[in-house]
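I opened the model to look up a few local features. My notes follow the order in which I checked them.

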Amino acid sequence: MLFASTGQAVSAPDYLGLGKGPGHHPYGYPRATVSAPVDALRATRAFAARSDRRLDRRVLISGFSQGGPATMMVGRALQQGEDSYFRLGALAPIAGPYHLSAFEAAAADDRIRMASLYLAYFAIAADRFTGIYDSPAEAFREPYDQQVEELFDGDHKPQEIAQALPPHVGEAVHRGVPAEGARAHGKARAAAHRARLHLRLEAGRAGAHLPRQGRRRRLLRQRAVLQRQLKARGATQSLTDVGDVDHNMSVRRALPQVGRGVRRRLMEARGLTAGTVPGDQAGSLRNWTS
């Protein structure tokens, strides 16, 4: 609603296997992550054409939490010509786990809340697209091996899953599973971080998931890793610290800033300055996918 209120066409797709998306959710798998937003962009373009409206080719992409790295993947795909019409305009990922191996390592050491939930999420998703175990019993301890895959069917809410799993990793997950999951995700996502991008990172506290002590320091360290990788590949990027807030509050602080940044970029593209009303605003729609 925020972006639509500025006169832009907005596409907000579900992930495969989540929300209204069909099938199981393959967390972190680039092809599945990219296909839903790109298909939604195509549907948005077709819908707009019914009213004789033309969408700008440049897509401005933003996502929060899991949507942070998803934003990067979709941007990379558009750069590589995933769609014959749409092209990448800019990215604004918000408070995402960009250094997933570090996050998984923290979960394996019980250094985050709901560690069992996150490792199970990673392991099950990785098994679905790369195969890291032949049966749940190889990865999960009794009695969780009998129910854990059903918990991640896309219909259970995070609170329900957290209540069904033990608080400590060792009670639910066999040793060695985190490493296998990390390797699987690493192979699948390696290409998603090699891009020449226009990027704005929005960072809050490391989310409610990490212990308070050292939380902010770890978050900024992860963001610094991503910034170095992007800079090395010629990206125009910036990092915005939205303050000492929890995970859910960080997106509330970030979105207005992202909205202002997008408006400024669009006005610059039109050769306008702040306060100028574009004469063709009603006849030309910009795109935003979240």
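Which handedness does the β-α-β unit made by β2, helix α2 and β3 have? I find that β2, helix α2 (residues 67–79) and β3 form a right-handed unit. Right-handed means that, with the strands pointing away from the viewer, the path from the first strand over the helix to the second runs clockwise. Helices (H or I, at least four residues) and strands (E, at least two) are DSSP runs, numbered from the N terminus.

I noted the basis of the entries: this is a predicted model, where local features need pLDDT of at least 70, side-chain atom pairs count only at pLDDT 80 or more, and totals for chains, interfaces and linings use all residues. Residues are numbered from 1 along each chain as its sequence is written, and side-chain values use heavy atoms, without hydrogens and water.

Strands. I see β2 (residues 55–64) paired with β3 in the parallel sense over 7 bridges; pairing takes at least two DSSP bridges between two strands. Ser 62 is opposite Ala 92 in β3. Strand β3 (residues 87–94) is largely enclosed by the rest of the structure because 7 of its 8 residues are buried. Buried is under 20% relative accessible area, exposed over 50%, partly exposed in between (1.4 Å probe, protein chains only).

Helix α3. In α3 (residues 100–108) I list Leu 100, Phe 103, Glu 104, Ala 106 and Ala 107 as the buried residues. Seen down the axis of α3, they fall within an arc of 155°, so they line one face of the helix. The arc is taken from the directions from the helix axis to the C-beta atoms.

Gln 257. I place Gln 257 in helix α9 (residues 247–269), and its 22% relative accessibility makes it partly exposed.
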